[in-house]
Every structure is written in structure tokens, then in C-alpha cells.
Amino acid sequence: MELTYLLNSGFLVRDEKILLVFDDYEDPSGAVDAAYDAGDFDRLYIFVTHAHFDHFSTRIRAYAQKVTRYIFSSDIKHTKRVKIFPTNKITYIKRYSEWQDDAIKVTSYDSTDVGISFLVETPSGARVFHAGDFNWWHWEDDTEENIALAEKVFRRQAKRMNGMEADVAFFPVDGRLGAAQEKGAIEFAARTKIKSFVAMHRVDYPKWEPSKEFTAASRYIPTWSPIKPGEKRIFDGENFTEA
């Protein structure tokens, strides 16, 4: 698979002739435009995990002519922004549900913020997980009650992912959380059977360097922490290499 960083939690994934676009609210490098204009794909699926401004933008309406399906979290259905999209090309997905066509299979999980997260299986058998805003949101300056609630909510949702398999997992490692930025990533990696991990939701923060705790919990899988829009990596099932 070829992975391209767009911005924040936005990524373009190419698996053979299938294009998957996640949370494309801005694309400074023009990666999705370039792929769309090249036209060398059979299917284009655009996913949005929730309606927050840094995940959902009307800019993706520009791809409606060639898009196979817009796959949106159900909360987006209630926004004014979605009204400009062709309704016959939208599928809304609720938490803990499945959708598939003759090319991909989508399984949804809950979030600890708004919306959902996605697990997508492509025709090649590759499995891609995108967490959206699912994370352990431990804000160090929050109240003790809210900190305890954030942990409880995250652990409850994480249990639903026990043993989940994915070749690539995109997951928040948000620098705003300070020393707690890896809490969710460590727990998620320990519970699942992911083959690689991509840090996201890190705009304006330096490259993430995995801690010993994360490395041990994840069983030494390869990681990637993109910084610059347009950065690319190839994942061959075992390692990341520069594209």
C-alpha cells in the first residue's frame, strides 16, 4: 500500500487500483487532486469519521463525479455542509455496523469524541484502520472527575477492539496531551493485532518518537509519524519505505 499524508488526520491510501481517502479537510500538497486527475484507479472511496471542521470539509465535493462512494459517519447527516453532496452517492454509517459492496468491506467502531472509526478491507485482503478521534483524551489540566471519565470511556471502547487485525492503523498521538499523548496508542496497540502504526492529529508538533512503553506494547511494529503534507510511505506488510 502507498500512504500519503494530507494534513491532521487526513490520508490517501492506494491499494492497487483502489483509492481510500480519510478525513480530507485540507490537502496542501494536492495529493488527492493529483490522484483524481491521473484517473488510474478503479474505485475511489472517501471516508469522514465525524463532522469536526478538521476532519470534514466541503472541498471533497469536488470529487463527486468519479467517487464510488462517500462513506460518512451518521452525525454528518445532520450538518448543513452535507447538503451540497449528491445524496445517491452517500452512505451513512453508525457505530458498530458493517457495510460492503463488491470491492470493499467496512466495519465501524465507536469514538471517544464525536463520530466513529473505520476498519476497511480491500479486494487484496489489506485491512486499514482509521481511528478518527477515538483516543484516550487525558488532558493534564482537567478535573479529576473528567480524567477518570476519559479513561473509563476509552477502556470500554478499546475492549471492543480486542484482537482486531489491521495492516495499517492510523491513530491520534496528539501533542497537546503532553506526557499523556501515548496513553491511547499504547493501550490500542497492546489490545490489537496491527502490523504497523501511523501517528496522526499532530499538526504543529514535531515528529513523534515512540517510547519504550509503546514499542513493547506494540510488539516492535514499524511506525511512521508524518510531518509535512505530501509525505509518502510504502507499506509492504512488514516495513515502511519512502515512496
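Ser218 is placed in the loop that lies between α4 (212-217) and β15 (223-224); helices (H or I, at least four residues) and strands (E, at least two) are DSSP runs, numbered from the N terminus. The model is a predicted one, in which local features need pLDDT of at least 70 and side-chain atom pairs count only at pLDDT 80 or more, while totals for chains, interfaces and linings use all residues. Residues are numbered from 1 along each chain as its sequence is written, and side-chain values use heavy atoms, with hydrogens and water left out.

Ser218 has a relative accessible area of 1% and is therefore buried (under 20% relative accessible area, with exposed over 50% and partly exposed in between; 1.4 Å probe, protein chains only). Its side chain reaches the backbone oxygen of Thr215 at 3.2 Å. The loop between β15 and β16 (232-235) holds Ser225, which is also buried, at a relative accessible area of 5%. The side chain of Ser225 reaches the backbone nitrogen of Trp208 at 2.8 Å. With residues up to four places away in sequence not counted, Ser225 touches Ala199, Arg202, Lys207 and Trp208 (contact means heavy atoms within 4.5 Å).

An open sheet of 8 strands runs in the order β6-β5-β4-β3-β2-β1-β16-β17, and its pairing is mixed (two strands pair if DSSP finds at least two bridges between them). β6 (90-93) and β17 (240-242) are at the edges with a single partner strand each, so one side of each has no neighbour in the sheet. From one strand to the next, the twist averages 25°. Helix α1 (residues 31-38) packs on the sheet and touches β1 (2-7), β2, β3 and β4 (43-48); the direction of α1 makes about 30° with that of β2 (axes are lines fitted to C-alpha atoms, for helices over the stretch in contact, and angles run from 0 to 180 degrees between N-to-C directions).

Strands β2 (residues 10-15) and β3 (residues 18-22) are antiparallel partners over 5 bridges. In this pair, Arg14 stands opposite Leu19 of β3, and Phe11 stands opposite Phe22 of β3. The β2-β3 hairpin has 2 residues between the strands, and Glu16 takes a positive phi near 55° there. With β4, β3 pairs in the parallel sense over 5 bridges, and Tyr45 in β4 is the bridge partner of Leu20. β3, α1 and β4 form a right-handed β-α-β unit (with the strands pointing away from the viewer, the path from the first strand over the helix to the second runs clockwise). Since 5 of the 5 residues of β3 are buried, this strand is largely enclosed by the rest of the structure. Ile18, Leu20 and Phe22 are buried on one side of β3, and Leu19 and Val21 on the other.

The largest nonpolar core has 53 residues, and Phe47, Ile104, Phe129, Phe188 and Phe197 have the most contacts inside it (a core is a set of buried Ala, Val, Leu, Ile, Met, Phe, Trp, Tyr and Cys residues joined through side-chain atoms within 4.5 Å). Leaving aside neighbours within four places in sequence, the contacts of Phe47 include Leu20, Val21, Phe22, Ile71, Ile104 and Phe118. Another core, of 24 residues, lies apart from the largest one and has Val32, Ala35, Val67 and Phe85 among its members.

Definitions and conventions. A polar contact is a pair of N or O atoms within 3.5 Å; within protein, one must be able to donate a hydrogen and the other to accept it, and residues adjacent in sequence count only if both atoms are side-chain atoms.
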